[in-house]
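Biologist: Hi, could you walk me through this model? I'd like to hear about charges, rings and surface patches.

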Amino acid sequence: MTGITYGVVLTVTGILGAIGCITGLIVTAVAFPRQRKKMLEKIESE
Amino acid sequence: MGTEEKLSGTYEILERLGEGSGGVVYKAYHRRLRQPVVLKKMKNRSISRAVNRQEVDILKNLHHSYLPQVLDFLEVDGDVYTVMSYIPGKSFAQLLNEGQHFTQKQLIRWGMQICSALNYLHNQKPPVIHGDIKPANIMLTPEGNICLIDFNIAFYLDDSTVLGYTNGYTSPEQYIMVLSSKSSQTLPGHSEIDERADIYSVGATFYHLATGQRLSDCRQKIDRKLLTECTGEAFAQVIEKATKIDPGERFQSALEMFRAFENITKKDRRYQRLLAGQLGIRMGLVALTAGFIVLAGYGVHEIRRERTDMYNGLVEEQIELRDAGDYEGQEDAFAEASAMMPGALESYYQNACSLYKQERYEDCIAFIDYDICENEKIDLTQARMADVYYLRADSLFRLGDYQNAVETYGEVFRLGTKETVYYRDYAIALAYNGEEENAREILQEAIDYGLKEDSIYYAQGEIEKALGGSDAALADFRECISRTDDNTMKTRAYLMMNEIYEAKGSDTTQREILLEAKEVLPVENQMQILENLAQIDIDLADRSGNGQYRQEAIDVLGEIVSQGWDTYDTYDTLAVLYEKQGQLDSARQTVDTMMEKFGEDYNVYMRYAFLEIDAQELLDNSDRDYTQFAQYYEKALQLYNEEMTDNNEDNEMLLLESVYAQVVEGGWLE
């Protein structure tokens with residue numbers, strides 16, 4: 001079975017999308033605490 | 001001697017700091033400890049009141065960063081003095097008087113420090129309640145930290161101690177208790193003071209520090225709007241809660257208030273919006289992840305469905321190609337289908353059908369045995385296997401292996417099939433295997449399951465034929481032919497009748513039956529009929545010497561070739577017939593076609609050699625040249641020696657050798 005079929009497109013899209021979202025979650029796990037800390041520092045300095 | 005002189009033995013009085021609630025407060029120098037200390041007289045302590053030394057030791061053991069160290073107690077002239085470490089810096093009362101303002105950050109930090117100190121005191125056993133928290137009792141050290149001074153030792157020591165209060169900082173319940181102690185009546189309100197009184201005082205103190213305004217008394221509520229303007233909503237919430245009239249509505253512990261201070265910045269609206277935004281993004285990513293996973297799962301499902309559709313398409317292609325006679329194409333389609341879904345039986349079954357249709361019964365059986373039954377990926381218990389075993393059983397039957405055919409039919413019915421045709425053929429196999437009674441039983445079962453009339457007559461004919469009842473068999477086959485619309489069954493019936501007449505030796509009747517079949521049956525069903533007809537014509541020609549039969553055989557074989565049913569034997573037989581008819585050119589052309597289609601072998605050159613001999617014999621002796629004959633003979637002999645094994649001999653080749661010997665003996669060859 002060769003060729004890019006509808007099923008292949010859906011599967012690849014799903015996998016890439018999931019990987020992208022999981023990567024996004026990992027990035028937010030790192031970036032968001034820093035953002036919160038900066039905001040707290042900003043508020044405290046006012 | 002005055003009091004100061006009596007104190008001077010251990011302490012060097014440095015200055016009077018002021019008047020506390022209990023009396024004079026001195027700053028002194030402890031000669032032995034070599035450090036500055038504070039001496040403070042305890043209010044209204046009488047020397048006759050017993051001082052519990054053990055409790056004093058406990059107080060002396062209080063150690064906290066934001067509390068002064070209790071060093072000792074003194075009795076001088078009947079008064080009790082506390083000795084505590086001297087805290088440098090200014091009190092917040094002094095700072096407020098100087099007009100100092102404080103930022104929210106500072107207030108939060110000091111609030112946490114005070115709560116930390118209070119938490120330490122309140123967790124002592126028994127708890128130490130300060131009882132007099134106010135700006136004047138909070139020092140700001142040069143390091144920028146607070147120190148909570150002047151916590152009420154007397155409060156701890158004696159239940160009956162007279163309490164003090166300071167307007168604007170003292171809790172309502174403490175205020176009531178103070179009033180009760182001064183009145184002869186017991187006032188309604190709280191009967192005891194606990195940690196929450198200190199909580200109120202901290203709240204009131206920090207309200208003053210934040211706004212610069214002091215509450216007039218415990219009945220006055222805080223100005224929330226003013227406080228919010230000075231410090232923000234979150235800070236105002238903390239102070240408001242701490243200064244609730246009802247202690248049950250305040251923070252229930254210093255630790256709780258500490259946490260509230262800690263979280264003030266986190267309650268800021270901008271921070272809360274940021275948190276909400278981040279949560280929204282994370283929730284969105286989680287939802288998207290789940291969505292993509294579902295999408296991928298659906299995609300896999302689609303791929304499986306597409307693969308199944310493609311597989312089914314290839315199986316249909318197998319059937320179409322087989323029906324069209326394109327067996328090579330069918331094999332290619334089978335290879336592709338089985339590679340795509342190795343565990344699916346259908347393509348294997350169709351390939352077995354193709355082998356069966358080509359009458360390659362041994363290949364069909366081998367394919368079923370090795371490619372299907374020994375294929376671990378195929379489920380051998382599925383219903384379709386009944387059809388596979390049927391092909392095997394019928395192939396064995398065609399090869400005359402009736403015993404194994406009967407055994408294989410057992411496998412067919414073990415899978416629970418109710419195909420009446422299978423029952424019919426099983427009955428026939430049993431009859432051929434000599435099991436008459438079982439054959440009739442199975443046929444009856446087939447009839448009970450609804451076997452059609454034409455099949456019943458056919459089966460009965462086969463059974464009678466197997467048991468030697470040829471006349472009854474012929475009658476049954478006649479009935480079958482007259483009743484059936486199934487051309488395959490009709491063909492089989494004619495062929496069975498042909499076999500019966502062949503066994504009887506009635507070759508002319510055979511020929512009549514076959515000619516009748518040729519008229520009645522459609523072309524696609526005539527292959528075996530024509531093959532048998534050609535053979536009977538050859539037999540009749542050989543027996544009678546009538547060349548007419550031979551020509552008819554040539555015509556029938558020509559039809560076989562034109563229908564695409566030609567095999568090696570077809571051409572070989574044709575070549576011999578042409579030769580016997582004296583049509584040497586046609587014979588030679590036939591041998592040429594044979595070599596072109598099937599490649600060279602000794603038989604081809606043997607035919608060429610015989611034809612060459614025939615051609616030379618038509619010439620005058622003086623014109624004869626046996627050189628070509630010799631070449632054909634030598635080539636045939638060479639290939640014959642290579643191909644023939646196990647002491648097999650071809651009689652025609654022996655004849656050719658004999659002819660060659662004669663030619664040589666006759667001196668026609670050097």
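Modeller: Happy to! One term to begin with: helices (H or I, at least four residues) and strands (E, at least two) are DSSP runs, numbered from the N terminus. This is a predicted model, where local features need pLDDT of at least 70 and side-chain atom pairs count only at pLDDT 80 or more, while totals for chains, interfaces and linings use all residues. Residues are numbered from 1 along each chain as its sequence is written, chains are lettered from A in the order in which they are written, and side-chain values use heavy atoms, with hydrogens and water left out.

Biologist: Thanks! Where is B:D326 placed?

Modeller: B:D326 sits in the loop between helix 11 and helix 12 of chain B. B:D326 is partly exposed at a relative accessible area of 33%; buried means under 20%, exposed over 50%, and partly exposed in between (1.4 Å probe, protein chains only).

Biologist: Which residues form the negative surface patch?

Modeller: B:D326 is one of them, along with B:E316, B:E317, B:E320, B:D323, B:E328, B:D332 and B:E336. Patches are made of residues with over 30% relative accessible area and no salt bridge, with like charges joined within 9 Å and nonpolar side chains (Val, Leu, Ile, Met, Phe, Trp, Tyr) within 5 Å. Asp and Glu count as negative, Lys and Arg as positive, and His and the chain ends are not counted. The place of a charge is NZ of Lys, CZ of Arg, CG of Asp or CD of Glu.

Biologist: And which helix gives the largest share of that patch?

Modeller: Helix 11 of chain B, with 4 residues. Helix 11 (269-323) and helix 12 (327-340) each supply at least two.

Biologist: Which residues make up the nonpolar patch on chain A?

Modeller: A:V12, A:I15, A:L16 and A:I19, with about 360 Å² of accessible area together. Those areas come from the Shrake-Rupley method with a 1.4 Å probe, and for residues only the protein chains shown count as cover. A:I15 belongs to helix 1 (residues 6-45) of chain A and is partly exposed, at 42%.

Biologist: Switching to salt bridges: how many over all chains?

Modeller: There are 37, each being a side-chain nitrogen of Lys or Arg within 4 Å of a carboxyl oxygen of Asp or Glu. B:R224 and B:E240 make one, at 2.5 Å from N to O. That pair links distant parts of the chain, from helix 8 to helix 9 (residues 233-242) of chain B, 16 residues apart.

Biologist: Are B:K134 and B:D132 buried or exposed?

Modeller: B:K134 is buried, at 17%, and B:D132 is buried as well, at 15%. Their side chains meet in a salt bridge of 3.6 Å, N to O.

Biologist: Which cluster holds B:F413?

Modeller: One aromatic cluster formed by B:Y390, B:Y409, B:F413, B:Y422, B:Y423, B:Y426 and B:Y449.

Definitions and conventions:
Phe/Tyr/Trp six-rings, centres within 6.5 Å; stacked < 30°, edge-to-face > 60°.
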